[in-house]
Amino acid sequence: MPVTCRWIVCWVVVVVQLPAVAWGAGDAAKGKAMYAQFCAACHGTSGKGDGPAAAALNPRPRDHTDAKYMATLKDQDIFKVTKEGGAAVGKSPLMPPWGGQFTDQQIQDLVAYIRSLARRR
C-alpha cells in the first residue's frame with residue numbers, strides 16, 4: 001500500500017472510530033445526581049417528561065423512558081441537544097443549552113444516565 005493511502009486509512013480510522021470510542025464514557029451515577037438537580041423539574045424524576053414544570057410547557061418535555069424513541073437517537077444526538085439546546089437541533093426552544101454550565105464530561109455523564117432510563121422500563 002502506498003504511503004499516501006496509509007495516511008488516508010489512518011486519518012479515516014481517527015476521524016470515524018475515535019469519536020465512537022469516546023462515547024459511552026459517561027458515568028451514569030454522576031449523571032443521575034445532575035439529572036435530579038437540573039433536569040427533573042421538566043423531565044420528571046423518573047424521566048417520563050412529567051416533572052412539575054412540564055404541565056406549563058408546550059411541547060411537553062421528552063419522555064426519556066420511551067425505549068422505542070430513544071433507540072432512534074445516537075449518544076451524540078442527546079449530547080448535542082443537551083449542550084446546545086433544543087433550538088440548535090430543530091427541537092423545542094424551551095430546552096435550554098447546558099453547554100455553558102456543564103463540561104463535556106458532565107454532559108456525557110447525563111447521556112449515560114438518560115440512556116439508563118430507557119432500559120429500566
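Which helices do the buried residues of α4 pack against? Work through the exercises below and you will meet the answer on the way. The model is predicted: local features need pLDDT of at least 70, side-chain atom pairs count only at pLDDT 80 or more, and totals for chains, interfaces and linings use all residues. Residues are numbered from 1 along each chain as its sequence is written, and side-chain values use heavy atoms, without hydrogens and water.

**Exercise 1. Find the buried residues of α4 and say what they pack against.**

Solution. Start inside the helix, where D75, I78, F79, V81 and T82 are buried. To finish, step past the end of the helix, where G85 has a positive phi of about 90°.

**Exercise 2. Describe how α4 crosses α5.**

Solution. Locate the helices: α4 covers residues 75-84 and α5 covers residues 104-120. Their axes come within 9 Å and cross at roughly 125° (axes are lines fitted to C-alpha atoms, for helices over the stretch in contact, and angles run from 0 to 180 degrees between N-to-C directions). The two helices are therefore oblique to each other (under 35 degrees is roughly parallel, over 145 roughly antiparallel, 65 to 115 roughly perpendicular, and the rest oblique).

Now list the residues involved. From α4 come D75, I78, F79, T82 and K83, and from α5 come D104, I107, Q108, L110, V111, I114 and R115. Sorted by class, this contact has six nonpolar, two polar and four charged residues (Ala, Val, Leu, Ile, Met, Phe, Trp, Tyr, Cys and Pro are nonpolar, Asp, Glu, Lys and Arg charged, and the others, Gly among them, polar).

**Exercise 3. Is R115 buried or exposed, and what does R115 touch?**

Solution. Check its accessibility: at 16%, R115 counts as buried. Follow the side chain, which reaches the backbone oxygen of L73 at 2.4 Å. Then gather the contacts of R115: leaving out residues up to four places away in sequence, they are M70, A71, L73, K74, D75 and I78.

**Exercise 4. Work out how α2 meets α5.**

Solution. Look at the geometry: the axes of α2 and α5 come within 7 Å and cross at roughly 90°. This pair is therefore roughly perpendicular. Next, name the residues: A28, K30, G31, K32, M34, Y35 and C39 of α2 meet Q106, D109, L110, A112, Y113, I114 and L117 of α5. By class, that contact has nine nonpolar, two polar and three charged residues.

Now zoom in on K30, a residue of α2. At 52% relative accessibility, K30 counts as exposed. K30 and Q106 are 76 residues apart in sequence, yet their C-alpha atoms are 7.9 Å apart in space.

**Exercise 5. Visit three loop residues: where do A25, P59 and T65 lie?**

Solution. Take A25, in the loop between α1 (3-22) and α2. With a relative accessible area of 44%, A25 is partly exposed. A25 is in contact with Q105 and Q108, once neighbours within four places in sequence are left aside. From A25 to D109 is 84 residues in sequence and 7.6 Å in space, C-alpha to C-alpha.

Go on to P59, in the loop between α2 (28-43) and α3 (67-70). A cis peptide bond joins N58 and P59, with omega about 10°.

End with T65, which is also found in the loop between α2 and α3. T65 has a relative accessible area of 5% and is buried. The side chains of T65 and D63 are joined by a polar contact of 2.5 Å (a pair of N or O atoms within 3.5 Å; within protein, one must be able to donate a hydrogen and the other to accept it, and residues adjacent in sequence count only if both atoms are side-chain atoms).

Notes:
Helices (H or I, at least four residues) and strands (E, at least two) are DSSP runs, numbered from the N terminus. Contact means heavy atoms within 4.5 Å. Buried means under 20% relative accessible area, exposed over 50%, partly exposed in between (1.4 Å probe, protein chains only).
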